[in-house]
Amino acid sequence: MASPQQPTVFLLAYDNSENSQAALSWFARLNAERDTRHQLVIFYSVEAPPLPRGNTTLKMSKTELYTQLMQESSAQIDRVRKRCLALCQQLGLPADSVKFIDKYEAEPGKAIVAMATELDAAAILMGTRGLKRLQRTMLGSVSDYVVHHAHRPVIVVPLTHTNG
């Protein structure tokens, strides 16, 4: 007996920017045009707050301070998740075909490539910041890293006035 066909998994590298929202809109339009069912995994990679260093003159210990920073970071992640999933609903993506994953990572490019491998994603979707060559050289570029290190197609969606 044949098992039902599993949906194709797409990984969207999300950073809550207008650029990643444009990539999400692009995917929603693509999904609406097809009869096949796709699974969208939205991956939000965040750098953990730095550990407090040096002599603190604060009234709380370094452990208390770090706990507070992590709680604030978790609250921010929760706000991003809620906004992102609301946008998915607004774009007409079925709730059962969207999954949001967040992970603390120091290097988002490496985390995106690793997550795509772990999920065996058919492709990685991401927005681009539209950096000029000198800015990319000076600042680095997550999309540039992913394009050169992922062993699967990478779709970099530029921010344009037609993205919706």
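This is a predicted model: local features need pLDDT of at least 70, side-chain atom pairs count only at pLDDT 80 or more; totals for chains, interfaces and linings use all residues.
Local features were considered at pLDDT of at least 70 and side-chain atom pairs only at pLDDT 80 or more, whereas totals for chains, interfaces and linings use all residues. Residues are numbered from 1 along each chain as its sequence is written, and side-chain values use heavy atoms, with hydrogens and water left out.

Helices (H or I, at least four residues) and strands (E, at least two) are DSSP runs numbered from the N terminus, and two strands are taken to pair if DSSP finds at least two bridges between them. Five strands form an open sheet in the order 3-2-1-4-5, with parallel pairing. Strand 3 (98-104) and strand 5 (154-157) stand at the edges with a single partner strand each, so one side of each is left without a neighbour in the sheet. On average, neighbouring strands are turned by 25° against each other, direction ignored; axes are lines fitted to C-alpha atoms, for helices over the stretch in contact, and angles run from 0 to 180 degrees between N-to-C directions.

Strand 4 (residues 123-127) is joined to strand 5 by four bridges, and the two run parallel. In this pairing, Gly 127 stands opposite Val 157 of strand 5. Strand 4 also pairs with strand 1 in the parallel sense, over four bridges, and Leu 125 of strand 4 has Leu 12 opposite. Five of the five residues of strand 4 are buried, where buried means under 20% relative accessible area, exposed over 50% and partly exposed in between (1.4 Å probe, protein chains only). In a regular strand the side chains alternate between the two faces of the sheet. Here Ala 123, Leu 125 and Gly 127 are buried on one side, and Ile 124 and Met 126 on the other.

Helix 5 (residues 142-149) lies across strand 4 and strand 5 and runs at about 165° to strand 4. Contact, here and below, means heavy atoms within 4.5 Å.

A nonpolar core is a set of buried Ala, Val, Leu, Ile, Met, Phe, Trp, Tyr and Cys residues joined through side-chain atoms within 4.5 Å. The largest such core has 22 residues, of which Leu 12, Tyr 14, Leu 24, Leu 40, Ile 42, Tyr 44 and Leu 93 touch the most other members. At least two residues each come from strand 1, helix 1 (18-33), strand 2, helix 2, strand 3 and strand 4. Helix 2 gives the most, with five residues. Beyond its neighbours within four places in sequence, Tyr 44 is in contact with residues including Tyr 14, Asn 16, Ile 77, Val 80 and Phe 100. Another core, of 16 residues, lies apart from the largest one and includes Ile 112, Met 115, Ala 116 and Met 126.

Most residues other than glycine have a negative phi. Asn 16, in the loop between strand 1 and helix 1, has a positive phi near 70° and is partly exposed at 21% relative accessible area. Asp 120, in the loop between helix 3 (108-119) and strand 4, has a positive phi of about 50° and counts as exposed at 60% relative accessibility.
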